[in-house]
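Reader: I am new to this structure and would like a close look at a single part of it. Could you take me through one chain, and how it is placed against its copy?

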Number of protein chains: 2
Amino acid sequence: MRATVIHAPHDIRVEEVPDPAVRQPTDAVVRVVLACICGSDLWAYRGESARKPGQRIGHEFLGVVEETGSEVSGLRPGDLVVSPFVWSDGTCDYCAEGLTTSCPAGGFWGQVGSDGGQGEAVRVPFADATLVRLPAEALSDDRLLAGLLTLSDVLGTGHHAAVGAGVRPGATVAVVGDGAVGLCGVLAARRLGAERIIALGRHEARTAIARTFGATDVVAERGEAAVEAVRQLTGGHGAHAVIEAVGTEQSMRTAVAVTRDGGTVGYVGVPHGSGTGLDLSDMFDRNVSLRGGVAPVRTYIPELLPDILDGTIDPSPVFDLTVGLDGVPGGYKAMDERIALKVLVKA
Amino acid sequence: MRATVIHAPHDIRVEEVPDPAVRQPTDAVVRVVLACICGSDLWAYRGESARKPGQRIGHEFLGVVEETGSEVSGLRPGDLVVSPFVWSDGTCDYCAEGLTTSCPAGGFWGQVGSDGGQGEAVRVPFADATLVRLPAEALSDDRLLAGLLTLSDVLGTGHHAAVGAGVRPGATVAVVGDGAVGLCGVLAARRLGAERIIALGRHEARTAIARTFGATDVVAERGEAAVEAVRQLTGGHGAHAVIEAVGTEQSMRTAVAVTRDGGTVGYVGVPHGSGTGLDLSDMFDRNVSLRGGVAPVRTYIPELLPDILDGTIDPSPVFDLTVGLDGVPGGYKAMDERIALKVLVKA
C-alpha cells in the first residue's frame, strides 16, 4: 500500500510500504477513508521532535474495517470506525480509570514498527478497545465525516484542556492558541457551558472560526499586551479557566498570566523548549493550578460523538484544505507556513 | 511592648517596639498568648527571602482581644481568638470565593508597617473577617491550645495540600517533607479518608509523629532511591495524591516522580531556587497535575476547628520545643539546625 513516511526534517514522502495484516488475534486492519495532519506532526516535520528516518507519520484517521483477528468480537469487516491517536488495551487499571494514554500496552500511530494514519490502511492493535464504531450513513456526508474525524484527536484534546481547566457552566475562559486544538478548546468550553470565552489570536480566518465556535471576545495582541487585554476584559482579574494549546514557553507564560487567582491552566500543547515558561512563585502566590497533558481521547469519544451526530457541535470548520494522499507533503508545507489551518486527507 | 525583629540574616532580636493600637474602626488589638516559629520564617532567617532590616516577624498566633474598633461587631475584649497568617477583608470577591490569600486589602503579618506574631500584641486589620473565636476554656488546656495554634498556618496549609492533591477516601498519598506542614499534611490526608499514606523522611522523631498522625509507611531514602521505594510500595505506579511541603527543586522533582499517572501534586512548600524542578514533558506524558499555593487557611478554620476541639485530630505534637519571647532567637537557631521541629512561643 501507499503511506506517508518521514525521512528527515522537511522530507515527507508518500511511498510504497508493506500492506498491513492481522498479526495478533486482537488486531484489525482498517482501510483509511479520512486522515489529517496535526499541528503536533509539524514538530516532527520541523525536526524539533526526533523521528527515525523511515518512520510513518499521522495519528488521526477514520475508515472501514477490512479484516479482524479471531478475538475481535465487537467489530466486523465493513464497519465504519474512528481511531483515537493512541491505541490501548482496554483492560489495564489505567484504561479502567479512563487514562488510556497511560496504558502500558498502548502506543502511538507512527511509532517505530506501527502504521501511521496518513496512509491507505492501518493495522490496529486491541481493536475492540481502541476503535469506536460510527454510523455507516456518515460515509455519505462529507461535513459530518470530517467532524467525526476530529474525535481522533483535536476535539477530544480541546475537551481535555477544557475539563482540565475546570470549565463549568457560567465560567469565564481564555484560550491561548488559535490552531485546531485551541479552536476545539473554544468549542468544548462552549459545550461545557462557559459564558464568556476569550480567544487569543490574530489570524482573522481562525478567529472567525473561534467566534463561530463560541468565542465571545477575541484578543489580537500578543505577550504583555495580550495579558493586559484579557485582564481588562475580566475586571482586572483574568479568567477562571485557561486553555493552553500551543506548548511553547511563551504561550505557557501567557496562559498563567491571564489566569485569575485560584484558577487553572488546562494545558494540552505538547511542551517544547528547554524551559517550562512557569513562574512557580507567581503560581504559588496566586494559587494557579496546572492540569492537563496528553489527552485520553478514547475515553471522551462516547461523550462527544452523540453531539456531533445530532449537530449540537460541528468541529468540521477546522479543516480548510483537502488533499489526496499524494498531496500530504504539500499539506505539511501549507500548515508549516500557516497557509492552512488543518489539512484533511482523503485517502 | 516587646516583639521579635529581624535585622539581617541570622540576626533576630526581641526588642522594645511601639505598642499597637486601634487605627481603623475595623481593627482589633490582640494580646498574644501563643505564637510559634514557622519553617518559612527560616527562609528570612537564612537570608533567602528578602526582609528590610527592622521588619517584624512571625505570622502564627492566638491570643485575647484587648481592644476593638468601633465597627468591629463580632468580637469583644476578652475573647480568645486565633489568627490566620494573612488578614483579609471578608468582603471582596476572593474572600467570598474562599481565596482569602488573594484579598486585595489583605496582608501578611510582619510585612513592613504591620506587627508580627512573635510579640506581645498585634494590631489586626479587618478583625471581624480575620479572627476566629475559640472557646475560652481552651486557655486552661496547654495541649489543646497548642493544637488550636496550628489553625493559624501549618494545619490549614497541610489541609490545603491534601485538598489540592485530591485526597479522597481510599486514596494512596505520598508526603514529601517531614516538617510541621508535611506532618500536618499526613494528618489532613488521614482526616480526609486516605487509606495509605507514605511519609518520606529520615528523621526518626519526625517519622514517629508521622506514624502517629496516620502514615502507614515511611520511606527514609532520598532522591532516586526514594522514588523507587514509593513505586515499590504502590505496585510500580506511584501515589494518586502527593503532598509537596518543602519548596525546593529537588523536593518538587521527587513529588512529581512519585505521582501516579493521572495524579496530582498538591504543593504548599514556598518555592525556592531559580528553577521549578518541574519536567513539563514528563508531567504532560503522564497527565500529572499541579495544584496548590499559599493556603487560604482562614477559609479552612471553621471546618478544622471542631475536629481539634472534639479530639478527632490533635496536631499539637508538631511542637517539640517551647520558649518564652526571650527565647525566640534561640528557637530560630534550633529550627535552623533541625534540632527542633517547631518552636512554640509563650508570649
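Author: Copies are superposed here by least squares on the C-alpha atoms of residues with pLDDT of at least 70 in both. On that basis, chain B can be laid on chain A with an RMSD of 0.0 Å, by a turn of 180 degrees and a shift of 0.0 Å along the axis. The two copies are thus related as by a two-fold rotation axis, and of the residues of chain B it is B:Leu290 that comes closest to this axis, with its C-alpha at 2.5 Å. This is a predicted model, in which local features need pLDDT of at least 70. Residues are numbered from 1 along each chain as its sequence is written.

Turning to chain A by itself, there are 12 helices and 18 strands, counted as DSSP runs (H or I of at least four residues for helices, E of at least two for strands). The radius of gyration of chain A, taken over C-alpha atoms, is 20 Å, close to the 20 Å that the globule rule (2.2 Å times the number of residues to the power 0.38) gives for 347 residues, so chain A is as compact as a globular protein of that length. Along its principal axes, the C-alpha trace of chain A spans about 60 × 40 × 35 Å.

Within chain A, 60% of the 347 residues are buried, meaning under 20% relative accessible area with a 1.4 Å probe and protein chains only. Among contacts (heavy atoms within 4.5 Å) in chain A between residues at least 6 apart in sequence, 70% join residues at least 24 apart.

Key: Chains are lettered from A and ligands numbered from 1 in the order in which they are written. This is a predicted model: local features need pLDDT of at least 70, side-chain atom pairs count only at pLDDT 80 or more; totals for chains, interfaces and linings use all residues. Side-chain values use heavy atoms; hydrogens and water are left out. Buried means under 20% relative accessible area, exposed over 50%, partly exposed in between (1.4 Å probe, protein chains only).
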